[in-house]
Amino acid sequence: MEPMPKALKALNWITGALFVVALYLVLIFAPREAVMGDVQRVFYFHVAAGWVGALAFLVTAIAGGVYLARGERRWDLVAQASVEIGVVFTFANIVSGSVWARPIWNTWWTWDPRLVTATVMELVYIAYLMLRQGIEDPDRRARFGAVYGIVGFLSVPLTFLSIRIFRTIHPVVIGSGDPTAAGAFDMSPNMRVAFFFSLFTFTFVYATLLWHRLRLQRFSEKVEQMKMKILSV
Amino acid sequence: MPEAGSTRVVGDQPVVHRRTGGLGAYLRSIGAIIWKDLVAELRSRELLSAMLVFALLVVLIFNFALELDIRTRETVTSGVLWVTFAFAGTLGLNRSMAVEKDRGCLDGLLLVPVDRTAIYFGKVIGNLVFMLIVEAIVLPLYSVLYNINLFQPGLLAVILLGSIGYVAVGTLLSSMAVHARTRDVLLPILLFPVVLPVLVPAIKASNGFLQGFEMAEILPWLNLLIVYDVIFMAVAFMVFDYVVEE
């Protein structure tokens, strides 16, 4: 087994350290929100997880496009690894949102455009994984994955647009939000620090996981080759 | 398809021929594929009959599930119709591709020296025709069964536009799903989350027409539907080559 590259080792430590700092910022440094109380702290990681989900799926769509253009296998591996990470983080995003919504909206779930879109996005990429699972030929699996990754990524914002025409109750904290949305608030400077630091940290978490996942992929291929070798002897 | 087959050129020309056929030849090959699908269906009738019976059963189940009395009927009809069309549609899409694959027709089609996108459009239009036939039978039946007038030009236009978008995505995805081990289960799972942007405005616009909303209220949905049709058609057109490539 090849040793872990130095850069990856460093990345592990950096990500770990960043995460500890992020936890401190979110749980202690950021002030308690006046109206919502401590449950508002869910917000920092909630948005960060959502951001990683969207980023991961964007990477999948781009990697898929590059794969179709160049036909190099490593792009397909990136696309697949990214989807797996994206599905996990989108799930964390949805669940943490639910945890927040229970005390604030007084319900675990509501059919708000953002909630629906996040769920549809999750379903699209679960379907993506199921599609890959069903196809044996690796070449075809890669091509289909790339195509579905692109079509799926296009359809998600369109879904959001179509449902957006109804009124939404989901707060928009960044940018010009509707202040009447249930649970809206303005961030204080310290909250802002915690928020952007969470985004930053989660991006590192994503990069680290992606790298590990690609490495794992290479190992499993090696194991596969070794098996073949032993069987053929 | 003897017509498309006979245009095949021997020697070193087929590739040149494939790209320089001109619009006429392109349309002719699309026509040939549609014709092939229609003739095959006319002889076997297995696809349309399955879609139709299934669609009627869905309507029947809804009747009991929702207690379609006069008051609820007005508000849920568009939803019932679209669920019926979407379900029956996946059945048809699955079947139309599975037939190509199982009997080796797909390989034959791919060998024909025409642009691959002609195959896509041929299949799209063929599937669209099947879907429209099913809709053309379900709509009057629904009208009679539930005593509600569905023959409004606006509603028919929405159903046409929605079906186009549905089939445009569906044909692309069914040509992928057909290669999977789990193909019959896979298509709806692949298709429904992706085609949602088409279904939502279609349901909303249909509902608008059925409830007699003003045109200004329906128009945004109609516009959205047209835009999505164009987007999905364009994307499928661009990536279809990669799906059928061997």
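**Labels and their cut-offs**

Visitor: What makes A:Glu72 and A:Arg74 a salt bridge?

Guide: Their closest N and O atoms are 3.3 Å apart. The rule asks for a side-chain nitrogen of Lys or Arg within 4 Å of a carboxyl oxygen of Asp or Glu. The pair therefore qualifies. One caution: this is a predicted model, where local features need pLDDT of at least 70, side-chain atom pairs count only at pLDDT 80 or more, and totals for chains, interfaces and linings use all residues. Residues are numbered from 1 along each chain as its sequence is written, chains are lettered from A and ligands numbered from 1 in the order in which they are written, and side-chain values use heavy atoms, with hydrogens and water left out.

Visitor: Why is A:Arg74 called exposed, and A:Glu72 partly exposed?

Guide: Buried means under 20% relative accessible area, exposed over 50%, and partly exposed in between (1.4 Å probe, protein chains only). A:Arg74 has 52%, so the label is exposed. A:Glu72 has 28%, so the label is partly exposed.

Visitor: How many salt bridges are there over all chains?

Guide: The count is 16. In one of them, A:Asp38 meets A:Arg41 at 3.1 Å, N to O. A:Asp38 is partly exposed at 41%. A:Arg41 is buried, because its relative accessible area is 13%.

Visitor: How do you know that B:Arg103 and B:Glu46 link distant parts of the chain?

Guide: They form a salt bridge, with the closest N and O atoms 3.8 Å apart. B:Arg103 lies in the loop between α5 and α6 (105-111) of chain B, B:Glu46 in helix α4 of chain B, and 57 residues separate them. B:Arg103 is exposed at 57%, and B:Glu46 is partly exposed at 33%. Elsewhere, shared partners join the salt bridges of B:Lys36, B:Asp37, B:Glu100 and B:Lys123 into one network.

Visitor: What kind of aromatic pair do A:Phe200 and A:Phe204 form?

Guide: Rings of Phe, Tyr and Trp (its six-membered ring) pair if their centres lie within 6.5 Å; planes under 30 degrees apart count as stacked, over 60 as edge-to-face and the rest as tilted. By this rule there are 19 aromatic pairs over all chains. A:Phe200 and A:Phe204 are 5.1 Å apart, centre to centre, with 55 degrees between the planes, so the pair is tilted. Both lie in helix α6 (residues 189-232) of chain A, four residues apart, about one turn of the helix. A:Phe200 is partly exposed at 43%, and A:Phe204 is partly exposed at 24%.

Technical notes:
Helix = DSSP H or I, 4+ residues; strand = E, 2+ residues; numbered from the N terminus.
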